[in-house]
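Hi,

Here is the structure I promised to pass on. Have a look at it first, and then read my notes below.

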Amino acid sequence: MNKLLAVIRREYLARVRSKWFIITTLLAPVFLVAAMTIPILLAVRQAERSVVISVVDETGKVTAELLKTDAFREGRLRFRPAPGGDTESVLQTLRQRTLDEQLAGYLYVPADVLEGGRVEYWGRDIGQTLVRATVRPAVTSAVRQVQARALGLDQATAEKLAQPVAVEAYRVTEEGAAREEGQTVITAHILGLVIYMAVLLYGAMMLRAAVAEKTSKMVEIILSSLRPWQLMLGKTLGVGAVGLTQMAVWLGILGLFLVYAGSAQAFADAEFLKNLPVGFDTLLLFMGLFLTGYFLYSGMYASVGAIASTEQEASQLQIPVTLLVVVPLFVIPVVLEAPRSDASLVLSWIPFFTPILFIVRYVLGAVAIWEIPLVFSLQIVTILFVAWVGGRIYRVGLLMTGKRPTLPELVRWIRHG
Amino acid sequence: MDNNLAIQLENIYKAYGTKVAVEGLDMRLPRATICGLLGPNGAGKTTTIRIILDIIGPDRGSVEVLGGPLTPETRDRIGYLPEERGLYAKMKVLELLTFLGELKATPRRLATERSADWLERLDLADWADKKVDELSRGMQQKVQFISTVLHEPELLILDEPFAGLDPLNVDTLKEIVLEQKRRGATVLFSTHNMDQAERLCERVVMIKDARKVLDGTLAEIKRQAWLEGQRQVLLAVEGEGAFLDDRSLVRSVEDRGTHKAVSLQDGVEPQRLLEAAMRSGTVVHRFEVSEPSLHDIFVTRARARE
């Protein structure tokens, strides 16, 4: 037992003290925070910058209404009437001015707009938020005003009619309801990705740990004191503890960031950060799946490490194992689209995919309670099997150097171990 | 089970695929002795050592170490220096030694204390907080040697312990080996170097082509060789002694400064060498027939049955 602790301590300290560990532990949250912050800040900046749009108005009535819209009054869009003249040549001029960056773009309002004619927006940058969230509502509102007046309605009625209808989505949960702005899907995706990254990261760490005795030529010294399974278990727990440490630091930093972001003015509009669909139960399941995923894959990576003689060789041999981690990554979109489908259900039960896909389904609220003990039982059975096979490969593989075993030889190791 | 034996092997057989590494090996090593395990490269020395330590299992035969089968507790009473030298390169020396001590069930603090003492004794105290890969190969070898004696084992198994060391360090380690024996430990070490074996060992086991060809105390083995007619001539002559170049008489000559140690070809009587000296008119100051050196016995045995 003390020997096992000694191995765990050594494996843990050897990694936690390395520069590599300190750098990644501190830098990863910086990147993550940047990845979350920059799009939001950019969107805010985008909204603040005024966009000059020239308006070619064949009706002669819409432009005046555009100047009364919220987007114009708040300065987000600056509509300018286009110079008069032949429409074709005016459009040609505006096109050139847009290319010369004197204009963000131009609107073409046809004479028959009230009869269903299409308004066209031409611009250099036709980002979704600009067109969908700013230009389209402004134009719709302006055209409605003109239309209402044409029907002979008074100003107040016209304004009421021009009001866009707000449709908001709510997610139904056990606790009640939460305003939904896509945060559930994004959270599910992120948690799946985090498990994917963790399994790859700590799996690769385990791979290097498993070759360490060979590359340092310490196999025999260690084996004259320890049984191979003690060494493998010690390494698995040591590297796992490294993973937990890193996760804890990251979660801590992320938590601080969210608390700060929740109160910061710049994020006041970011509804996404509030109402995060992550409860204590989700975190618990996440940790559980992280652990089973880690043990499952570290066992496989350790076997690969035991077959290889050098780190280079190990990194070639680990490709099949890594493929097994990558498959669920590509399946995530399928599950996000239809978390309740039979395909998602079955895929998320396959032990090698469970750590990544099951958390996705859970966050999406597509998991039945009875599934949880089922998948964890499957996980544990698979882990025990992988550990048994891996232990046998490890035991024989440790003393092998130079020649890589063939597949039949591997089977013999496992059977006679 | 015999508690007076440190190692007891019976009829060990081990093959890798079709290649037989050890065949029919018996070995009984009494406690508190120093025993040399000799043999040419590929004879099966390292396999034998690995079988004793249960790093690999024999295909057949029984192994008893320190009075019983090898249990995890027995393991902690053995110190092992493998032929393949290596240490975790990125670890600090003192921490690594403490770790290796712990692997032998030495309490952490005690392991650190003893490691520091040993580093002091082997002139490595200044390196205690350096990483292993900053040390020279010789220093690393000494560190590895420390790890084998740190837990005060009852049995020391050293695979080529002196290879690659300078003479000063060889002497230091030899002194430690002798000290371990005085402490009551049994030492089994493999070597190619017959002079070292001859100076250090009380017993010798020689393996050749997977089989044991010699086993006994040094005195027994020399007497046996004498009875088989093997001789060595200690010779002091004036001049170069051109007659020594006759390959039909002389196998090899070792110059020992004051005299030459001459090994004769198989079946050659020492008298014939003296006759040859007389014929060449050389003045002979010393002519002494003695027991063959271990080196000669080794060479004779290694050539036999070829």
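How many residue pairs are in polar contact between chain B and chain A? The count is ten, with both residues of each pair at pLDDT 80 or more; a polar contact here is a pair of N or O atoms within 3.5 Å, where within protein one must be able to donate a hydrogen and the other to accept it, and residues adjacent in sequence count only if both atoms are side-chain atoms. (Helices are DSSP runs of H or I with at least four residues, strands are E runs of at least two, and both are numbered from the N terminus.)

Before going on, some housekeeping. This is a predicted model, so local features need pLDDT of at least 70 and side-chain atom pairs count only at pLDDT 80 or more, while totals for chains, interfaces and linings use all residues. Residues are numbered from 1 along each chain as its sequence is written, chains are lettered from A and ligands numbered from 1 in the order in which they are written, and side-chain values use heavy atoms, with hydrogens and water left out.

Back to the interface. Chain B puts 25 residues in contact with 19 residues of chain A (contact means heavy atoms within 4.5 Å). The buried area is about 2300 Å², with 58% of it from carbon and sulfur atoms; that is the accessible area (1.4 Å probe) the two parts lose on being put together, summed over both. In chain B, Arg75(B), Tyr88(B) and Leu103(B) lose the most area to chain A, together 29% of what that side buries. Five salt bridges run between the chains, counting a side-chain nitrogen of Lys or Arg within 4 Å of a carboxyl oxygen of Asp or Glu. One of them joins Lys3(A) to Asp76(B) at 2.5 Å, N to O.

Now the salt bridges inside the chains. Glu65(A) pairs with Arg149(A), their closest N and O atoms being 2.4 Å apart. Glu65(A) is buried at 4% relative accessible area, whereas Arg149(A) is partly exposed at 40%; buried means under 20%, exposed over 50% and partly exposed in between (1.4 Å probe, protein chains only). Glu213(A) and Lys235(A) meet at 2.9 Å, N to O, and both are buried. They also belong to a salt-bridge network with Arg10(A), Glu11(A) and Arg15(A).

In chain B, Arg77(B) and Glu154(B) form a salt bridge at 2.7 Å, N to O. Each sits in a loop, so the pair ties together parts 77 residues apart in sequence.

One helix to look at is H15(A), residues 354-363: ten of its ten residues are buried. Its cover includes helix H8 (183-215), helix H11 (280-307) and helix H16 (371-397) of chain A. Just after H15(A), Gly365(A) has a positive phi of about 75 degrees.

For contrast, look at Gly17(B), in the loop between strand E1 (5-16) and strand E2 (19-30) of chain B. Gly17(B) is exposed, at 74% relative accessible area.

Cheers
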